[in-house]
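Please examine the sequence and the structure shown below.

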Amino acid sequence: MSLSRKRKKELHKLQDQASRLWEAQQVLVSDAADIAREARRQAGNYGREQIVPQARDTYGKYAAPYVDRGVAVSKHVVNDKVVPAAGAVVGSALSVWDAANETRAKLSGGRIPLPAIIEPPKRGIGAGGIIAIIFGVAAALGVAYAAWQTLRADDELWVADDPLRAPDA
């Protein structure tokens, strides 16, 4: 496709204008980025110098007394209400346990069976121990028999050093 000189000249002029516009936009974007960085820095400074101290003062003036009062009330409730009530419940449960043990002792003739939690360990060998001993003895006997079979002197198992001769007739 061939263009006239006039059209080529117009296209070249349009291309130059587009290049200048592109360069101007790049400068503008660079300046906008610089301004945004500076604005972010200034906003951080303003927050540290103005907003944070004012928020601390406002919290200390309005919210801190209520928070401190709430903490004090919760400590009072826990220390003066919950802990004694829990202690009373545990104490009454233990007294009921003791009364039950005394009644059991009276009914059984003075002997109080120990609870399963603190029952002393059984003494002696149980069924599992006896079975393990039997298997151990059987294994030892098997090893001894195998060794005896290997080391016994059996004339039939030995091969003679002399070559076999034909029997004499």
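With which side chain does that of Arg41 meet in a salt bridge? The partner is Glu38, and the N to O distance is 2.7 Å. A salt bridge here is a side-chain nitrogen of Lys or Arg within 4 Å of a carboxyl oxygen of Asp or Glu. The model is predicted, and local features need pLDDT of at least 70, side-chain atom pairs count only at pLDDT 80 or more, and totals for chains, interfaces and linings use all residues. Residues are numbered from 1 along each chain as its sequence is written, and side-chain values use heavy atoms, with hydrogens and water left out.

Arg41 and Glu38 are three residues apart in helix 1, so about one helical turn separates them. Helices are DSSP runs (H or I, at least four residues), numbered from the N terminus. Arg41 is partly exposed at 44% relative accessibility, and Glu38 is likewise partly exposed, with a relative accessible area of 35%. The term "partly exposed" covers the range between buried (under 20% relative accessible area) and exposed (over 50%), computed with a 1.4 Å probe and protein chains only. Side chains of opposite charge can pair when their charged atoms come close.

A search of the whole structure finds three salt bridges. Another of these joins Asp34 and Arg37, with the closest N and O atoms 2.4 Å apart. Both residues belong to helix 1, where they are three residues apart, about one turn of the helix. Asp34 has a relative accessible area of 39% and is partly exposed; Arg37 is also partly exposed, at 47%.

The side chains of Arg7 and Glu10 form a further salt bridge, with an N to O distance of 3.1 Å. These two residues lie in helix 1, which comprises residues 5-107, and they too are three residues apart, about one turn of the helix. Arg7 is partly exposed, with a relative accessible area of 46%, and Glu10 is partly exposed at 38%.

Ile125, Ile130, Ile133, Ile134, Val137 and Leu141 make a nonpolar surface patch of about 600 Å². Such a patch consists of residues with over 30% relative accessible area and no salt bridge, nonpolar side chains (Val, Leu, Ile, Met, Phe, Trp, Tyr) being joined within 5 Å and like charges within 9 Å. One of its members, Ile130, lies in helix 2 (residues 127-151). Ile130 is partly exposed, with a relative accessible area of 45%.

Key. Areas by Shrake-Rupley, 256 points an atom, 1.4 Å probe, with all protein chains shown as cover.
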